[in-house]
Structures are given as C-alpha cells and as structure tokens.
Amino acid sequence: MMSSVRVEPVVDLCALVGEGPLWEESEQTLLFVDIMGKNIHRWNSTTNQIASICTDAPVGFAVPAHGGGYVAGVGRSFSAVDWLTGAVTSMVTVDDDKLTRLNDGKVDPSGRLFAGTMGLEKSPGEVQRKLGSLFSLDSDLTLIQHLDQVDISNGLDWSSDGKLFFYVDSLKKTLDVFDYDITTGRMESRRVVYELNSDEGLPDGLTVDSEGRVWVACYNGGRVLRIDPQTGVRLQTVSLPVSKTTSCCFGGPQYSDLYVTSASLGLSQSDLSSQPLAGATFRVSGLGVKGRPPVEFSGNVLKN
C-alpha cells in the first residue's frame with residue numbers, strides 16, 4: 001500500500017452487514033445498507049449525520065431512481081422507497097418458489113437495474129448452494145433472468161464503454177467478466193479475470209475506476225484489491241482494520257475517495273475485541289485514482 005494512502009473510519013455505525021455504498025453527489029451523501037440490520041442509511045459527509053429507513057426484511061441494496069426516490073432489494077422484492085415519507089412498497093418479486101433473498105444490485109450505463117439472489121444463510125457466509133439467480137429490471141419493471149445456479153450473487157459493475165460486465169459469485173472465489181450489449185442488456189462469453197488466493201478471502205462488492213481497473217472488497221480478507229482486467233494482475237492491495245470488508249465505491253471530491261463498508265455479524269467476542277471498528281464504513285484517500293458517478297435507475301418508481 002502506498003505511503004500516501006490513508007484509511008479512516010467515517011461512519012462509526014456498527015452495521016451487522018454494511019453493504020452497497022453509493023455516492024450521491026448532489027447532497028454529498030453516502031447511501032448504503034445494513035442487510036441484516038434491515039436498514040437503508042444515508043450519511044451526510046458535510047454534517048456527519050445519518051438518516052435511516054427501516055425495512056421489514058433484509059435489504060441487499062438501494063439505488064436512486066431517475067424520477068426521485070430509490071429502488072431497494074428487500075427480501076425477494078424490488079421495492080420503491082420514498083425517502084420523504086419512509087414508505088417502502090413492493091413492485092416486483094422474484095424466486096417465489098425458493099428460499100432466497102436479493103443481495104447486491106447496481107444500475108448499468110443505460111439505466112437497467114441488475115441484482116442477484118442467494119439462498120438464506122444458516123450462518124454468515126453459509127448458504128444452500130445454487131439457489132441464486134441474476135436478474136435485471138427495466139424502466140417499465142420488466143424482469144429478466146440472466147443467470148441461475150448462482151451461489152451468492154454479489155459485486156457487479158460495467159466498463160466505461162458498457163462493453164464489459166464484471167460479476168462476482170462469491171463462493172467461486174473469482175472475479176468474472178462477460179461481454180455486454182448495452183442496447184439489449186445481454187451478456188455472453190463469461191471468463192475469469194482473477195482468482196483470489198486463500199488469504200484474500202471471498203470476493204464481495206466491487207467498483208470500476210475511471211481507468212477501467214476493478215476494485216474488489218474481500219470478505220474475511222480485510223482488504224480491497226485493485227485488479228487490471230486486461231492482464232488479470234493484482235495492482236494494489238488496501239488493508240483495512242476489519243476482516244469482513246464487504247463492498248466499495250468511489251465518492252467525495254471528484255470521486256477521488258474510496259468508501260468501504262464492513263460487517264460485524266459472525267465475529268466472535270474475541271474478534272470483536274480485536275476489531276472494534278467492525279461494521280464501520282471507511283474512507284480511503286490518497287489512492288491517486290478516481291471513480292465514476294453512479295447511474296440512476298431509469299424508471300419512475302414513485303408513481304407506481
């Protein structure tokens with residue numbers, strides 16, 4: 001790690017499973033969820049205040065919608081969230097015949113929302129395998145299933161030109177890439193970009209920087225990796241003072257800071273004693289690279 005890199009906790013909230021960070025430029029806020037805490041949080045970087053909306057089931061992600069409000073993955077439902085009223089309203093459900101829940105989600109460059117499912121956990125990271133799928137939701141709420149037989153559908157993002165789709169199925173322990181058609185939303189030619197070493201943990205949430213490199217948070221690895229998808233080479237490792245790093249996004253001035261979420265669920269008492277910041281959200285500065293603004297879901301969810 002470069003000497004100029006600084007890691008500091010900025011949201012000292014002991015999340016059970018912090019996830020899905022996303023920077024909202026207009027209000028300088030960081031949106032993220034606590035999956036098992038059943039909360040959507042917004043941390044204001046200017047005032048250091050946190051506003052939250054509670055959900056009635058585990059919440060895997062939340063993303064802004066073009067017409068206002070948010071779309072959140074609540075249980076097995078793509079749900080509309082009205083931040084002003086706190087209302088969370090189911091729009092479309094998935095996996096009606098399975099014991100699953102939605103996990104990580106993100107919007108593609110054209111405004112489609114992608115999100116995947118996973119089996120319900122017996123304990124953190126221990127799931128019934130091959131129950132998950134990957135779906136996309138169009139602006140008219142048309143639902144398409146792209147993958148099945150997924151263990152834990154997790155990190156996802158696209159190249160700047162929209163021609164590559166990066167994806168993680170955590171228990172495979174690989175970062176994968178597909179050729180992607182931004183017009184149709186179709187993906188093909190899946191291949192492995194990088195396979196994690198045993199000490200690097202499980203690949204979790206990810207983000208792509210402005211140079212096209214992929215940053216992957218490593219669950220049980222206490223680090224974020226920067227990977228060159230063209231060569232499959234790990235370019236950089238950022239270590240954090242917690243083991244269960246879960247996801248990351250760029251934000252702050254010109255998207256020059258990397259925000260990293262973490263989890264506390266599943267840690268023993270001795271682990272928690274040695275990791276007092278478990279569940280906090282961290283800001284990594286001085287990386288010398290920048291991210292890209294997130295894309296809003298193209299649908300108008302508050303009118304449905």
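A: A contact here means heavy atoms within 4.5 Å. The model is a predicted one, in which local features need pLDDT of at least 70 and side-chain atom pairs count only at pLDDT 80 or more, while totals for chains, interfaces and linings use all residues. Residues are numbered from 1 along each chain as its sequence is written, and side-chain values use heavy atoms, with hydrogens and water left out.

Q: Why is Ser159 called buried, and where in the chain is Ser159 placed?
A: Buried means under 20% relative accessible area, exposed means over 50%, and partly exposed covers the range in between (1.4 Å probe, protein chains only). Ser159 has 11% relative accessibility and therefore counts as buried. Ser159 is placed in the loop between β16 and β17 (164–169). Strands of this kind are DSSP runs of E with at least two residues, helices are runs of H or I with at least four, and both are numbered from the N terminus. Ser159 and Arg186 lie 27 residues apart in sequence, with 15 Å between their C-alpha atoms.

Q: What makes Thr29 a buried residue, and which residues does Thr29 touch?
A: The relative accessibility of Thr29 is 4%, so Thr29 counts as buried. Thr29 belongs to strand β3 (residues 29–34). Leaving out residues up to four places away in sequence, Thr29 touches Leu22, Trp23, Glu24, Arg42, Trp43 and Asn44.

Q: How do you know that Val260 is buried?
A: Val260 has a relative accessible area of 0% and is therefore buried. This residue of strand β25 (residues 257–262) is in contact with Val224, Leu240, Thr245, Ser247, Cys248, Ala280, Thr281, Phe282 and Val284, its neighbours within four places in sequence aside.

Q: Why is Glu296 described as partly exposed?
A: The relative accessible area of Glu296 is 40%, so the residue is partly exposed. Glu296 sits in the segment after β26 (281–285). Apart from neighbours within four places in sequence, its contacts are Pro64, Ala65, His66, Val107 and Gly111.

Q: What makes the phi of Gln149 and of Ser189 worth a remark?
A: Most residues other than glycine have a negative phi. Gln149, in strand β15 (residues 143–150), has a positive phi near 60°. Ser189, in strand β19 (residues 186–195), has a positive phi near 55°. Gln149 counts as partly exposed because its relative accessibility is 48%, and Ser189 is likewise partly exposed at 43%.

Q: What makes a space a pocket, and how much space lies in the largest pocket?
A: On a 1 Å grid over the protein atoms alone, a pocket is an open set of points with protein on both sides within 12 Å along at least five of seven lines, whereas a cavity is a set where a 1.4 Å probe fits but cannot get out; lining residues have an atom within 4 Å of a point. Points are joined across faces, edges and corners, and the volume is the space filled by probe spheres set on them. The largest pocket holds about 410 Å³. It is lined by 28 residues, of which Lys106, Asp157, Thr207, Pro293 and Pro294 are the closest to its centre. Elements giving two or more residues to this lining include β2 (18–24), β6 (59–64) and β10 (100–107).

Q: Which residues are the closest to the centre of the second largest pocket?
A: The second largest pocket contains about 300 Å³ of space. Of its 19 lining residues, Glu24, Ser26, Pro64, Tyr70 and Glu296 are the closest to the centre. The largest share of the lining, three residues, comes from β2.

Q: How do you know that the chain agrees with a compact globule?
A: The radius of gyration is taken over C-alpha atoms, and the globule rule is 2.2 Å times the number of residues to the power 0.38. For 304 residues a compact globule would have a value near 19 Å; the chain has 17 Å, which agrees. Of the 304 residues, 57% count as buried.
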